Amino acid sequence: MVVETRSQVRPGQRPPEAGQAARPGAPRRPPGAEREGEGFGIVSRSSITPMESVRRLLGFLAPYRRVVIQVILLLFATALLGMATPYLIQQVIDKALTLGNLPVVALYALGIVALSLTNAALHTIQRYSLAYSVENAVYDIRNRLYEWIIRMPFGFHDRSRTGQLISRLTSDIDRISRFLGFGIAELASVTLTFLSASIMLFRMSVQLGLLGWTILPPMIWIALRGSQELGPRFYGLRQQFGRITAQIQENYAGVRVVKAFAREQLEISKFRRELQEFNRRRMGVIKIFALLQPSMSFLTNLGLVLLLAVGGHAVLQGKLTLGQLVASQGYMMMLFGPIRMIGWLMIMSQEAIASGQRMFEIFDTQPEVKEKPDAIELPPVKGEIRFEHVSFAYEQDTEVLHDCSFVIHPRETVAIMGATGSGKTSIINLIPRFYDVTSGRVTIDGYDVRDVTLKSLRRQIGTIFQEAVLFSGTIAENIAYGRPDATMDEIIAAAKIAQAHDFIMSFPDGYQTRVGERGVTLSGGQRQRITIARAILLNPPILIMDDSTSSVDIETEYQIQQALNASMRNRTAVVIAHRLSTVKNADRIIVLDRGRIVEEGTHEELLALGGHYRRIYETTLAQQEEKEVA
Ligand code: GTP
Ligand code: MG
């Protein structure tokens, strides 16, 4: 049962971003081809066959193979012991009851009890051992999948629906767990029981054996038809459930927008429609069950009636003892039981195999940003950033940056300006290698960012994102996110530079104030200053900032500006600027237009040039100046 596999995911193996290729020869799909359906990455779902899914799923049990072998032996033992009970009952009836020999009856009764107890005990050990190995395997699977997902690069997360990833980690793994923990063992046990019960029945009476077997074909037919009908319906049911989960998740994330636009009713009706579809599909499943179960019961009962008729006749003719008839009835039930289970087990297996395919699809996704096997540690840098003829596309054929070249010197502050969508965020995303260039190269202190380990690269770059994300926890924990070992003094020092100390201290709990999932208790400007403090605490030689909160009041804007000025001192800083004060403070300004660098120079130089920058200045920045003066 335990197949030694060369599963791509083995204990200790880390996702490709951490240094190893997921799967050297994995078929590649052109980027973008995965867009439809729930695809994730570059490897298509169909590349994992059901057999491969089973093989790789069993591979997860490999570390526990000793326990698994024990389980298999116990399965054999319990199946065989189960066969003994009807036999003993036959003996009681024929050898003792009919002869009125009560002490022997009692002896047999004791024997049956002892046998049942032993069987129960073995069963318990078997269940426990199986659960032990499967729980451990599932623990491994869940951990590895989570690790894999979290190590995946930006591009993967851009493409994936959160709800779909969550369902991989929860319900798909649940199904795999049920299959490994129950399905496989049950499949083995049912097969063993079926075979041994057949043999025992034929040994009791060939006639009754044949009778039992004539009932089997219609039962098997019903079981297989049932699972054929149920399989796709279950699949559809789960798809629909996934859609509902995704909708709940997305709506919840956007609940403020829903309310702001008073679209609750629309969302409720959308949800109701999805739920109605879910119910319709559920009824489809229930309908099949409603047909399946009674037909099975009917055939079972039919078998028993026939057995009584044929067997009873034989008993009356003296060709069969009463004990043999009763025992035959026991074996026949053991024969039918597995057939009734087989449909279930097939569905369970199919589901688990499909879940496995979905999971391995993630494991097999080739990340676009991948650490080279021979990546080196980036030594502490001075902070020179160089773009050499860099072009970049998120998706093939839609280039968003075209042939960009520039140098940012150590300790220089450079502001990037340009209209919305001109590629500012895209440019700075390339510095910590959130994405890879399509052509050209990005170097830091002369090192191509693709030649160094991601950790050593990102540790030296403080990133402040356009959106200020805080985790649930205290303010201190949020500031120390990148350096959990930081002392309280260091945290406070960083907060002071980020101009966050005063407002933090104004809360009753100070640095221990808890902030929610999105830091809802804080204003946008406050959140941003906490994220600035978070980046400063790293004390990185390079700081990049996507500054977008141009809509804060003048007082807050002033404070953020102070925070920025302080934080950019003594390091290389690249800041996407919307404020005149930031621009004026910069040593140099790079102006982007539709993915091209169109101007470069100081505020005065660019004003004198009378081009793009001057236009931006006259239309937006100058107004800020007036506002500041006023
Ligand atoms: P603002 O932040 O609005 O000021 O714009 P920006 O200058 O930062 O533009 P950005 O670099 O975000 O986008 C440049 C172009 O890339 C735009 O045409 C976007 O539509 C596109 N783009 C940005 N992010 C993605 C992405 O994740 N996937 C794809 N396919 N395109 C993207
Ligand atoms: Mg942007």
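Predicted model: local features only at pLDDT ≥ 70, side-chain atom pairs only at ≥ 80, totals over all residues.
Entry 1: Residues are numbered from 1 along each chain as its sequence is written, chains are lettered from A and ligands numbered from 1 in the order in which they are written, and side-chain values use heavy atoms, without hydrogens and water.

I then listed the protein donors of the magnesium ion (ligand 2): Thr 425 (OG1) and Gln 466 (OE1), 1.8 to 2.6 Å from the ion. Donors are N, O and S atoms within 2.8 Å of the metal (3.2 Å for Na, K and Ca); water is not among the atoms, so sites may look incomplete.

**Entry 2: ligand 1.** I found 13 residues around ligand 1, with Thr 420, Gly 421, Lys 424, Thr 425 and Ser 426 the closest; a residue counts if one of its heavy atoms lies within 4 Å. A polar side-chain atom of Thr 425 lies 2.5 Å from an oxygen atom of ligand 1. For Gln 466, the corresponding distance to an oxygen atom of ligand 1 is 2.9 Å.

**Entry 3: a side-chain neighbourhood.** I checked Phe 336 and found that it touches Gly 212, Ile 215, Leu 216, Met 219, Thr 300 and Gly 303, leaving out residues up to four places away in sequence. Contact here means heavy atoms within 4.5 Å.

Definitions and conventions: Polar contact = N/O pair within 3.5 Å; in protein donor to acceptor, adjacent residues only side chain to side chain.
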